[in-house]
Amino acid sequence: MENFERIAILTSGGDAPGMNAAIRAVVRAGIKNKLEVYGVRRGYDGLINDDMIKLDSAAVSNIIQTGGTFLKTARSPEFLKKEGRARAYDSLKKHQVDGLIVIGGDGSFAGASLLSREQNFPVIGIPGTIDNDLYGTDYTIGFDTALNNVMTAVDKIRDTASSHNRIFFVEVMGREAGFIALRSGIACGAEAILIPEVDGQLDKLMDLMEKRVSQKRSSIIMVAEGEREGNIFDMAKMVEKKFKDQDVRVSILGHMQRGGSPTAFDRVTASRLGVAAVDALLNDQRSIMVGIANNEITHVPLNKTIKLNKSINKGLLEIVDILI
Ligand code: ADP
């Protein structure tokens, strides 16, 4: 085991509920292991500009229940350059930091992997993104809260949809992936779920709408923001054109999906991953992500998390067809 005395933690890229729970876990696990823990503000930008503070146990009190990240996060164009990453390393050396923990998504991990390789420095990633689109882990911090946010919103939309027999197209986040749409669609009992991982969904959708409209039944159609078969407004127009007397509405859920108090699942997952990240550093791991597979902690090389794509859960896809 290397002689670790000081570690640092930062949050990078998109914010996700549960990041605070992970920071808290890293700080408390670090202190338990007699380490000093520094918190870097505003992600890689803060690292480049030497914006870090020492965190004691009290500094992370009362944050497990809050969304966002109290260390703040940022997108850092400077860190994309080798010189920027060298400046970030200078800050780490200045404070005699022996290892860095980065909470973020695949972009943040790409940067973490380069920093680790170029400076031969230990960096551990914790998966934090509402999109759940990271290879090597079943769950990312924030995904469960986002699902619950979507579910609460769509339950409300359904009240008005069913009262008026309307068709509602609801767009949810997820970048190029359909993880949020698929799982929240099942949770909300959506009549159709359109995700980028599945082709040829439009014909099927039109057949289904034909049936629902003739039965005078409302419909919720969940659409992932990265859906490749068309823009949500164009799809709604297409349905409206075919069924002239039918009310069709579009609702873009937007940023409310990533806010609010994290769910119990996200808090527990974040706490487990935070402790696992400190353990990994102390066990001489470098350039890996701590993840969760089959409810066990796993270590996955950062390089793999960047290069490989996570596949959509086929079992869930199969039950969608049965339930609709
Ligand atoms: P996320 O981590 O949520 O995927 P981004 O893709 O915006 O978010 O990445 C966050 C930050 O990570 C970027 O602003 C940049 O500083 C750094 N980063 C992203 N991609 C790279 C890369 N290929 N090389 C170096 N740094 C990167």
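Helices, taken as H or I runs of at least four residues, and strands, taken as E runs of at least two, are DSSP runs numbered from the N terminus. In this predicted model, lysine 216 is placed by that numbering in the loop between helix 7 (201–214) and strand 8 (219–224). Lysine 216 has a positive phi of about 55° although it is not a glycine, and with a relative accessibility of 63% it counts as exposed. Most residues other than glycine have a negative phi.

The chain is divided into domain 1, comprising 6–142 and 262–307, and domain 2, comprising 144–259. The C-alpha centres of domain 1 and domain 2 are 34 Å apart, and the contact takes 14 residues from domain 1 and 13 residues from domain 2. Between them the two domains bury about 1,200 Å², of which 49% is on carbon and sulfur atoms. On the side of domain 1, the residues that lose the most area to domain 2 are Ile130, Asp131 and Thr263, which together account for 42% of what that side buries. Across this interface, 11 residue pairs are found in polar contact, both residues being at pLDDT 80 or more, and the count of salt bridges between domain 1 and domain 2 is four.

Threonine 145, found in helix 5 (residues 143–164), counts as buried at 1% relative accessibility. The side chain of threonine 145 reaches the backbone nitrogen of threonine 263 at 3.1 Å, and, with neighbours within four places in sequence left aside, threonine 145 is in contact with Pro17, Gly259, Ser261, Pro262, Thr263 and Asp266.

Over the whole structure, 18 salt bridges are found. In one of these, the side chains of glutamate 118 and arginine 85 meet at 2.7 Å, N to O; glutamate 118 lies in helix 4 (residues 106–119) and arginine 85 in helix 3 (residues 82–94), so the pair ties together parts that are 33 residues apart in sequence. Glutamate 118 is partly exposed, with a relative accessible area of 28%, whereas arginine 85 counts as buried at 6%. Aspartate 131 forms a salt bridge with arginine 175, with the closest N and O atoms 3.1 Å apart. Since aspartate 131 lies in the loop between strand 5 (123–127) and helix 5, and arginine 175 in the loop between strand 6 (167–172) and helix 6 (179–188), this pair ties together parts that are 44 residues apart in sequence. Aspartate 131 counts as buried at 7% relative accessibility, and arginine 175 as partly exposed at 34%. Arginine 175 also meets aspartate 106 in a salt bridge of 3.5 Å, N to O.

The largest nonpolar core holds 62 residues, among which Ile101 and Met222 touch the most other members. Domain 1 and domain 2 both give residues to this core, so it lies between them. Apart from this core lies another, of 24 residues, among them Tyr38, Ala88, Leu92 and Ala112. With neighbours within four places in sequence left aside, the contacts of isoleucine 101 include Ile7, Ile9, Val26, Ile124, Val278 and Leu281.

Technical notes
Residues are numbered from 1 along each chain as its sequence is written. This is a predicted model: local features need pLDDT of at least 70, side-chain atom pairs count only at pLDDT 80 or more; totals for chains, interfaces and linings use all residues. Side-chain values use heavy atoms; hydrogens and water are left out. A nonpolar core is a set of buried Ala, Val, Leu, Ile, Met, Phe, Trp, Tyr and Cys residues joined through side-chain atoms within 4.5 Å. Buried means under 20% relative accessible area, exposed over 50%, partly exposed in between (1.4 Å probe, protein chains only). Domain bounds come from an automatic or database domain assignment. Contact means heavy atoms within 4.5 Å. Buried area is the accessible area (1.4 Å probe) that two parts lose on being put together, summed over both. A polar contact is a pair of N or O atoms within 3.5 Å; within protein, one must be able to donate a hydrogen and the other to accept it, and residues adjacent in sequence count only if both atoms are side-chain atoms.
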